[in-house]
Amino acid sequence: MAECLRKIRTLAVNSTLDTVMGGLAAIVATGLSPYPDTAWPWWGLSVLGMAAIGGAGWPFRIFQQHWRFAGRSDFWRLAGACTLAGGLVVGVLAPSGGARAAAFGGAYAMAAFVIMAGVRAGYQCWRSYRGGRDRGGRRVILLGDGEDASRFLSLMPDMGGLVVGMVVEGRQRRPGRRLRGVPVLGQVADLPGILSAFRAEDELLLVVADPRFRGERLSTVLRMAQETGTQVRCMPDLSGIAGGVTTPLHPVRLSDLLNRPAVAPDGQGIADMLRGRRVLITGAGGSIGSELARQIAGHAPDQMILVDIGEFPLWQVDIDLAEKAPDITRHLVLADIRDAGRMERIFARFRPELVFHAAALKHVPMVEENPCEGLLTNVTGTRIVADTAARYGVTAMVLVSTDKAVNPASVMGASKRIAEMYCQALDVAARNRADGGDMRCVTVRFGNVMGSTGSVIPLFRHQLECGGPLTVTDPRMTRYFMTVSEAVGLVLQATARGTGGQADDMAVLLRSGGVFVLDMGTPVRIVDLARQMIVLAGLRPDRDVQIRFTGLRPGEKLTEDLFYKQEILQPTDCPGLRMATPRTVDLAQVANIMDALTLACRDGDGARALDLVRRLVPEFAHNPHGVAVPDTAGQVDVERNAS
C-alpha cells in the first residue's frame with residue numbers, strides 16, 4: 001500500500017510540474033512568435049499550453065519518468081511529447097490564426113522541450129553535486145572506454161559528479177581527449193603515476209567499468225592500485241538495475257581473476273533433458289552435488305532424490321531448495337553408496353530416470369592415509385551405483401570425475417581413473433549394441449572448483465582471518481580453476497550432449513569411450529592465488545601477511561593434466577566442452593579385477609589393493625611421500641602404450 005501511494009504521489013508531482021512548465025513554455029513562445037489575436041490573451045495561451053502538454057504527455061509516458069535517472073530514450077520521448085503538444089496547439093489556433101498559429105505552435109514545442117529537458121538535466125546535475133559534497137573529497141577514476149563510461153554514468157548517476165577521468169587500454173586514446181564527456185587521463189600502464197598524482201587527502205576509487213576486463217589484466221591493476229592504497233570496485237550487473245534503484249559497486253571477486261572467460265551453457269537443451277524427469281544425485285550435500293541440485297531444480301524436474309551419507313550437508317541443501325524451488329518434490333535419503341542393498345532399495349522405490357554421481361572421497365592426503373576407504377568409495381561405490389542404475393532402467397548416469405585421474409600420482413586420482421574406466425566400458429557396450437537401448441554413462445572431467453569443501457581457497461580465507469601466514473606447498477604448483485556454478489552448468493551441458501542426438505563425429509568418439517573434458521582455461525599458480533587473496537583483503541603480501549612454503553603433501557603433483565599427452569583433444573559443438581578418448585578396457589576384465597580390489601579393501605590389505613590398482617592403471621606413478629617432480633608434462637603416456 002505504501003509503495004502504491006508513493007508511486008501515485010510521484011506521478012502527481014511529475015504531471016503537475018510538467019504541465020506548469022507547458023504553460024510557461026506558451027508564455028515564452030509569445031515572445032518568440034507573437035500571437036496578437038485578442039481572443040487568446042497570454043493567460044489563455046498559457047492554459048492552452050498546459051492542456052496541450054497534459055494531453056500529449058500521456059501517450060509518451062513522460063509523467064512516469066524518473067528525472068534522476070533520465071537517459072537518452074527519455075529525452076527522445078520528451079521531444080515526441082512536445083512535438084505532439086505543438087501540433088495540438090496549432091490545431092486549436094488554426095481556425096483563427098492560420099500561418100501565425102503554425103509559427104506559434106512550432107515556437108511553443110521548442111520552448112517546451114528546452115524548458116522541460118533543461119529542468120531534468122539540471123536536477124541530475126544537482127543530485128550529482130549533492131552526492132559529491134556528501135562524500136567529501138571522494139574521487140572516481142573509470143577503467144574502460146567510451147561505452148563503459150556512458151554505462152556507468154547512466155546506471156550510477158549519483159556518482160557522475162565524482163568522476164575525474166578515465167584510464168583506457170587503446171593507444172589511440174591519448175591523454176587530454178574526452179570520451180562521452182569524461183577526460184582521458186592515460187593508459188593502464190600509466191596507472192601508478194595517475195593514482196599517485198591525486199592529493200593524499202582525497203579518497204580515490206578506481207571503478208572497473210569494462211565487464212571484459214578480467215583475469216591477469218585485472219590482477220595487474222589490483223597490484224598497481226594496492227601500491228597507492230586505492231580501492232578497486234567493479235560495475236554491477238545490468239540485471240541489478242531495476243525500478244530506478246541502483247545496485248552498489250561490488251569489490252573485485254576472486255572469480256573475476258580467473259584467466260578464462262565464463263561460458264554460458266545451452267539452457268534450452270538442458271531444460272528439455274530435465275523437465276518432468278525423476279533425478280537422483282549422489283553426494284548431494286557436497287560442493288558439486290549441492291550446486292547440481294540447485295541448477296537442476298531450476299528446470300522443473302518431476303522429483304529430486306538427494307542422496308548423501310552426511311546428515312548436516314543434506315539438511316543444508318534441502319533448506320536452500322525449500323527457499324528457491326519450493327514446488328519441486330524432494331526426497332532426502334541418508335545412504336552409503338558402498339552399501340549395495342541400500343542402493344537397491346533406493347532405486348526400487350524411486351525409479352530415477354537420470355543419475356548424477358558426485359559422491360566421492362576427494363581429499364588427496366586423507367585418501368593417502370586411508371587408501372582402502374578411498375578405493376571402496378570411489379571405485380566400489382561407483383560400480384554399485386552404475387550397476388544398480390542399469391538394472392532399474394535409468395536413461396543415463398553421469399560420473400563427475402577430476403583432472404587428478406590423468407597420470408595419477410595419488411590413490412584418489414587412480415581411484416577416479418578406475419571409476420572412469422568402468423563407466424567407459426559400460427557406455428561403450430551400450431552404444432555399440434544394435435538396439436542401443438542400454439543406459440548411457442557420461443563421464444565429465446574437470447579441475448578444481450573455487451571454494452569447494454576442503455580446497456585451498458577456504459583454507460586461505462581461514463588463514464587470512466587468523467592473520468596469516470598463508471601456506472603454499474610449492475612456489476611452482478599450478479592448478480586449473482573454475483567457478484562451481486559454471487562447472488555444474490557445463491556438466492549438465494555435457495549430459496545433454498552425451499544423451500541426446502549427437503553429431504556424427506561426437507557419436508564416433510563416444511562409441512570409442514570418449515569422455516567430456518571442460519575447458520578450464522590457463523592453470524593458475526597457487527602462490528599467485530595466495531597473493532591475490534591477500535590484496536583482495538586490502539593487505540600487502542610479504543608485508544602485512546606472509547606466505548610460507550611447506551612442501552608437497554603425500555600424493556600431490558606440481559601440475560595437473562586434463563588429458564593424456566598423446567591424446568588429441570577433440571572440440572565439440574558446445575563452447576567450453578571438449579572430448580578426450582583415453583584407453584578403454586574390456587568390461588569383464590575390469591569387473592574381475594574390481595572384485596578382487598573390493599575384497600582386498602574390505603580385508604584392510606592396502607598393499608594388495610594398490611597392486612591391483614596398478615594392474616588397472618599402469619600409468620599410476622604413486623607419490624606417497626610428496627616428492628616434487630619438476631615437470632609432469634614429460635611423462636610417458638603409459639596408458640596409451642599399455643593399450
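I began with Arg 351, which counts as partly exposed at 42% relative accessibility. My cut-offs here: buried is under 20% relative accessible area, exposed is over 50%, and partly exposed lies in between, with a 1.4 Å probe and protein chains only. Arg 351 sits in the loop between α11 (340-350) and β11 (354-357). I use DSSP runs for these elements, numbered from the N terminus: helices are H or I with at least four residues, strands are E with at least two.

Asp 542 belongs to the loop between α18 (526-536) and β20 (547-549), and with 37% relative accessibility it counts as partly exposed.

I also noted a cis peptide bond between Gly 468 and Pro 469, with omega about 0 degrees. Pro 469 is in the loop between α15 (456-465) and β15 (470-472).

**Ground rules.** This is a predicted model, so I keep to its limits: local features need pLDDT of at least 70, side-chain atom pairs count only at pLDDT 80 or more, and totals for chains, interfaces and linings use all residues. Residues are numbered from 1 along each chain as its sequence is written, and side-chain values use heavy atoms, with hydrogens and water left out.

**The whole chain.** I counted 21 helices and 22 strands. Of the 643 residues, 51% are buried. I then looked at contacts (heavy atoms within 4.5 Å). Among those between residues at least 6 apart in sequence, 75% join residues at least 24 apart. The accessible surface (Shrake-Rupley method, 1.4 Å probe; for residues, only the protein chains shown count as cover) comes to about 28500 Å², and 55% of it belongs to carbon and sulfur atoms.

**Helix α20.** Which residues of α20 are buried? In this helix, residues 606-616, I listed Gly 606, Ala 609, Leu 610, Leu 612, Val 613 and Leu 616. They lie on the same side of α20 because they cover an arc of only 160 degrees around the axis, taken from the directions from the helix axis to the C-beta atoms. On the face turned away from that side I found the exposed residues Ala 607 and Arg 615. The buried residues of α20 pack against α13 (371-391), α14 (411-431) and α19 (587-602).

**Helix α13.** I went on to Thr 380, which is in α13 and is buried at 7% relative accessibility. Its side chain makes a polar contact with the side chain of Thr 598, at 2.8 Å. By polar contact I mean a pair of N or O atoms within 3.5 Å; within protein, one must be able to donate a hydrogen and the other to accept it, and residues adjacent in sequence count only if both atoms are side-chain atoms. Neighbours within four places in sequence aside, Thr 380 touches Leu 375, Thr 598 and Arg 602.

Also in α13, Asp 387 and Arg 383 lie four residues apart, about one turn of the helix. Their side chains meet in a salt bridge (3.5 Å, N to O), a term I use for a side-chain nitrogen of Lys or Arg within 4 Å of a carboxyl oxygen of Asp or Glu. Asp 387 is partly exposed at 22%, whereas Arg 383 is buried at 17%.

The structure holds 23 of them. I looked up Asp 272 with Arg 275, whose closest N and O atoms are 3.3 Å apart; Asp 272 is partly exposed at 46%, and Arg 275 is partly exposed at 47%. Lys 557 pairs with Glu 560 at 3.5 Å, and both residues are buried. I also marked a network of salt bridges linking Glu 291, Arg 294, Asp 320 and Lys 324.

**Helix α1.** My last stop was Thr 10, in α1, partly exposed at 30% relative accessibility. Thr 10 and Phe 63 are 53 residues apart in sequence and 8.7 Å apart in space, C-alpha to C-alpha.
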